Amino acid sequence: MKEAVNREARLGASVVRLFFHDCFVNGCDASILLDDTSSFTGEKNANPSMNSLRGFEVIDTIKTQVEAACPNVVSCADILALASQKGVASLGGPSWTVQLGRRDARTASLSSANAQIPMPTSTLSTLISMFSAKGLNAAEMTALSGSHTIGQARCASFRNRVNNDTNIDSGFAATLRGTCPASGGDGNLTPLDIQTPSQFDNKYYQNLEARRGLLQSDQELFNGGSQDSLVKSYSSDGEAFKRDYASAMVKMGNISPLTGTNGEIRRNCRAIN
């Protein structure tokens, strides 16, 4: 992961996003890594993921090396959990102990991915209920949203916000419209955190206080609702954010793992054995 992040800092964020999209669909079982087959359609082209999930090659590289050293023992699900932690830590974020022993799913679910992963247009009530469905409370949702202190987003995911929203700093919106016009440029990228795009810190929350959240779902956390006070707290106390983020990542990593004889240890993360 250090090699990957040194090559391209964004890959740290990309792998964390893979882990999030994995855990929210039938648990942390590496189903997100499966390519489509004749018997099932995978999750890679679900609406929240289409044209934007990346970092698969990093996981492939790790898996190849792990298999060479220790075949048929370490699951793709555990690799993804570990890689997420290393990605965050390598960009200045917290470290945490990754619990291990997950096994890999033998199938994937496009319909579940479409239904269970929040969208960049999600409201606060939707975010709270979708995280609650996975056993994560509102405060943990707000901490985990801090993943957006790193990484980038495509224009298609924030076009409506910068062209139509009112709860946005006008100068920020004007600048973004240069990258993301009212039509065209779907794939144009903008950092989720304009202050320190490749540093895992609490600037994301400071941006929210300044009405400079890139996605509608970001700004929903600070928009006169129940999470305003926690956003303010994290904005002024980066260590508290990192502490809460680490414990929430451990909890997210424990969503419905396959253990015992359930699932398998995939030899190739893209395909069942």
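The protein chain exposes about 11500 Å², with carbon and sulfur atoms supplying 49% of it (Shrake-Rupley method, 1.4 Å probe; for residues, only the protein chains shown count as cover). This is a predicted model, where local features need pLDDT of at least 70 and side-chain atom pairs count only at pLDDT 80 or more, while totals for chains, interfaces and linings use all residues. Residues are numbered from 1 along each chain as its sequence is written, and side-chain values use heavy atoms, leaving out hydrogens and water.

Me: What is the radius of gyration of the protein chain, and why does it count as compact as a globular protein of that length?
Reply: The chain holds 13 helices and 2 strands (DSSP runs numbered from the N terminus: H or I of at least four residues, E of at least two). For 273 residues the globule rule gives 19 Å (2.2 Å times the number of residues to the power 0.38, with the radius taken over C-alpha atoms). The chain's value is close to that, so it is as compact as a globular protein of that length: 18 Å.

Me: Is Lys 63 buried or exposed?
Reply: Lys 63 lies in helix H3, residues 56-69. It touches Val 74, Ser 75, Cys 76 and Ile 79, among others (contact means heavy atoms within 4.5 Å). The cut-offs are under 20% relative accessible area for buried, over 50% for exposed and partly exposed in between, using a 1.4 Å probe and protein chains only. Lys 63 has 2% relative accessibility, so it counts as buried.

Me: Which residues have the most contacts inside the largest nonpolar core?
Reply: A nonpolar core here is a set of buried Ala, Val, Leu, Ile, Met, Phe, Trp, Tyr and Cys residues joined through side-chain atoms within 4.5 Å. The largest one has 58 residues. Tyr 245 touches residues including Val 16, Trp 96 and Phe 200. The residues with the most contacts inside the core are Leu 33, Ile 59, Tyr 245 and Met 252.

Me: What is the phi of Asn 51?
Reply: Asn 51 sits in the loop between helix H2 (10-23) and H3, and is exposed, with a relative accessible area of 60%. Most residues other than glycine have a negative phi. Asn 51 is not a glycine, yet its phi is positive, at about 65 degrees.

Me: Where is Ser 256?
Reply: Ser 256 is another residue other than glycine with a positive phi, near 40 degrees. Its place is in the segment after helix H13 (238-252).

Conventions: Lists of a residue's contacts leave out its neighbours within four places in sequence.
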